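Open the model in your viewer and keep the selection tool at hand. Each stop below says what to pick and what is there.

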Amino acid sequence: MAVISKSEDENVKWNARWITKKDPKTFESNGDWMVKKFVQSYALYFRKTFIIKNKEISNAKIHISGIGYYELTINGKRVGDKVLDPAQTDYSKIALYSTYDVTDFLQTQNAIGVVVGNGRHIKAYGYDFPKMIAQIEIEYKDGKKEVLASDGTWKVSHGPLTENGIYFGERYDARIEMEKWDRFDFDDSNWEEVIETKGPALSPEIMPPIRVVDTLKPIKMHSPKDGVYVYDFGQNFTGWVKLHVEGPRGTEIKLRYAEVLNPNGTLNFSTIRNAEATDTYILKGGEAEVYEPKFTYHGFRYAQIEGFPGVPTLKHLEGRVVHTDVEKVGDFYCSNELINNIHRNTLWAQLSNLMSIPTDCPQRDERLGWMGDAQLSAEEAIYNFDMLEFYKKWLKDIQLSQREDGALPDVAPTYNAKFYPADPAWGTAYITIAWYLYWYYGEAEILKAHYESMKKYVDFLKNNSENGISKLGKYGDWCPPGSVFPKRTPVELTSTFYYYNDVLLLSKMADVLKEEDDKSYYSKLAEEIKEAFNKRFLTPNGYDVIKMSPIDQGTGQTSNILPLFYDMVPQESKKETIQKLVNLITNDQDYHLDTGIVGTKYVFDVLTENGYADIAYKIVTQESYPSFGYMIKEGATTLWERWEKLMGGGMNSHNHVMFGSVDAWFYKYLAGLSPINAGWKKFKVKPYIVGDLNHVSSSITTVRGKISVSWEKASNAFKLNLSVPNECKAEVYLPILWGKYLVSKNGEEIFKDGKQEADRLVFD
Ligand code: BGC
């Protein structure tokens, strides 16, 4: 099914009205941690019939949106393969619509059927009950045109999909299915007329949709209790299960989901917190039935069946992997299996958290667009996937959430005033990700589109600082070992670092956009913040910050990592600062990190750039706590929220992507690939040959074509293969391992030398 993608300025002329049901049946369900109870509605079934007589269609398309989520059929046939559509936005302001080519769906007598569920369009968020809008535009071969738009003449009813909500799950009663409800001949005399209602502005959905991208077979099944069957899919992921069943009418089957098991083999629900995460299916009976949910999703590795008629087998359940269907553009593989596994787990964690917005986690009662998690993992995401349209849309969500005074929330789209103002390490997502879109995709337009709003945000940061030190912040270097709150890195330090980051990036953006006055204003402001930062936090003993409270433990690694990342450290203190960081890692922590999500993002780059790539490698390949290897040894198939394996209450998700920033280091420093200027026109190939690593191969499909690099260390040779897209230049740094090297370009020998230091070769 072709989805017609539309450019944003090619706006539809809407004649259609938003429609809904007069008094939808409602139910209460558990909500997220901000709103404990949700009022949600039964799914609404809409239909409309129409006749096309004596006319030949040359082209027909439909524009449609239904919030929270819709599913469209025409004459009983499903249109498109998007699920959980439309992409999430702030529904009080905007909803996205899709356009489908439906030429082949139409006949003389037609019926349109649309099911609409809650999604996040929930009363407790200040929204209303489900509603939809649609418009079919038909062009006939004789040149005539016709428009059929949703209005008060459509019909609506409740149906078999009764309760639904993203945290709650679904309840589907197949006994009350309305056979052929979306066909022309269906008798809808007991359906109600819809009511027209108000709705948000509409904008075309351009980003890649959410789809069912894969189907997993369970690897095992066991029964921890009578009548309870637990399936293991061998992988933590986002989606749902598809049930195959045959049994007596009225049999009620409950499907439950969890990331981990209790020691007795039952599901451990502690990581889903208040999310009910239960799908209930009631059999109509008599024949083989297949069920999978439509308007909810879960984060899980294990799924449980209760109430199955008889004993189920591995064949009765399949895992449906669901996420925004971004294109994979990066590949990374190396000779160290642990690193390959960290890479693999990062990809699963990343994809599990692309649910039309970048979410923190897919399983518990949150699944929110936490901006800190997103900005820290964005480079990793960009190396691995084509994220351009996804982030462009999300930057708009952020822009829309900006307050008059310039403040941004921690979470976008946002639902609650409590999220304002953002911790600067979260709010920075706006500026940092806009900059990445310029840097990795060469998108200067995006900088222009957000420039004024970003300036407003930076002004807000400035208004909330005192003598160059940020007064904002709440989470800081979140989730270091043994804690959720930062330990020896004060929030003030992280916040001021991001204040500096944002002002510095804004000055670079001003340069790109040729805003000369702004460029000098923000460059000067950045200098002032840097000075203030050093005045406040630099001691004769590096960035040593006194304990914030008597219970604070920790080494303060992050306090030293951050200023080194941006070269904020005065020249005369640089050596000691690096040495201090190295000591904090090697002597104090025996080559382990003591960092939260913020420090972890920068530590590997900082060590590598300052001559300690081997230490970075040693940390990354650790298997004892706290480390990535430890997570894997303990059975992780994604990344955890915490360095600890937690199975009790609290902050204990087993599928967060915020520590996934490490994956960008694999591409940048092990494969050695990074842009020298925007959009990869010129890029660096500078692999670090560390530890026992003797082979890396990687490729990235950039906006200018595919770059591939692989290197191999044999007993007396170092071999590097590189392929450079036509439009690009590569600057290659070869490591000197044995004092001699030989370079051939397209098979021809062009360079041979025996220097003692890494040389730089430029390939056109
Ligand atoms: C989320 C995090 C988020 C944090 C903010 C949590 O509940 O899951 O990932 O960034 O709150 O402190």
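A crossing is left-handed if the near helix is turned anticlockwise from the far one by less than a right angle, and right-handed if clockwise. Keep that rule ready for the two helix pairs on this tour. One caution before starting: the model is predicted.

**Stop 1: α6 and α8**

Select residues 444-463, helix α6, and residues 516-537, helix α8. Their axes come within 13 Å and cross at roughly 30 degrees. Angles under 35 degrees count as roughly parallel, so α6 and α8 are roughly parallel to each other. Their crossing is left-handed. Now show side chains. On α6, pick Tyr451, Lys455, Val458, Asp459 and Lys462. On α8, pick Asp518, Tyr521, Tyr522 and Leu525. These residues make the contact. Colour them by class: five are nonpolar, four are charged and none is polar.

**Stop 2: Ile446**

Stay on helix α6 and select Ile446. Is Ile446 buried or exposed? Its relative accessible area is 6%, so Ile446 is buried. Beyond residues up to four places away in sequence, Ile446 touches Lys392, Leu395, Ala434 and Leu437.

**Stop 3: α3 and α5**

Next, select α3, residues 388-400, and α5, residues 429-441. The two helices pack at an angle of about 150 degrees, with axes 10 Å apart. Angles over 145 degrees count as roughly antiparallel, so that is the label for α3 and α5. This crossing is left-handed. From α3, show Leu388, Tyr391, Lys392, Trp394, Leu395, Ile398 and Gln399. They meet Ala429, Tyr430, Ile433, Ala434, Leu437 and Tyr441 of α5. The contact residues divide into eleven nonpolar, one polar and one charged.

**Stop 4: the cores**

Which residues touch the most other members of the largest nonpolar core? Select Met387, Tyr391, Trp394 and Phe604. That core has 207 residues. Zoom in on Tyr391. Setting aside residues up to four places away in sequence, Tyr391 touches Ala374, Ala378, Ala381, Ile382, Ile433 and Leu437. Then move to a second, separate core of 29 residues, which includes Phe46, Ile52, Val156 and Val194.

**Stop 5: Val484**

Select Val484, in the loop between β30 (469-470) and α7 (491-512). Val484 counts as buried, at 17% relative accessibility. Leaving out neighbours within four places in sequence, Val484 is in contact with Trp478, Cys479, Arg642 and Met651. Check the pair Val484 and Met651: 167 residues apart in sequence, 7.7 Å apart in space, C-alpha to C-alpha.

**Stop 6: backbone exceptions**

Most residues other than glycine have a negative phi, and most peptide bonds are trans.

- Ile67 to Gly68: the peptide bond is cis, with omega near -10 degrees. Gly68 is in the loop between β5 (57-67) and β6 (69-74).
- Tyr420 to Pro421: this bond is cis too, with omega about -20 degrees. Pro421 lies in the loop between α3 and α4 (424-427).
- Ser356: phi is near 75 degrees, a positive value. Ser356 sits in the loop between α1 (337-352) and α2 (371-384), and counts as buried at 4% relative accessibility.
- Asp590: phi is near 50 degrees, also positive. Asp590 lies in the loop between α10 (571-586) and α11 (597-609).

How values were computed. Residues are numbered from 1 along each chain as its sequence is written. This is a predicted model: local features need pLDDT of at least 70, side-chain atom pairs count only at pLDDT 80 or more; totals for chains, interfaces and linings use all residues. Side-chain values use heavy atoms; hydrogens and water are left out. Axes are lines fitted to C-alpha atoms, for helices over the stretch in contact, and angles run from 0 to 180 degrees between N-to-C directions. Helices (H or I, at least four residues) and strands (E, at least two) are DSSP runs, numbered from the N terminus. Angles under 35 degrees count as roughly parallel, over 145 as roughly antiparallel, 65 to 115 as roughly perpendicular and the rest as oblique. Contact means heavy atoms within 4.5 Å. Ala, Val, Leu, Ile, Met, Phe, Trp, Tyr, Cys and Pro count as nonpolar, Asp, Glu, Lys and Arg as charged, and the others, Gly among them, as polar. A nonpolar core is a set of buried Ala, Val, Leu, Ile, Met, Phe, Trp, Tyr and Cys residues joined through side-chain atoms within 4.5 Å. Buried means under 20% relative accessible area, exposed over 50%, partly exposed in between (1.4 Å probe, protein chains only).
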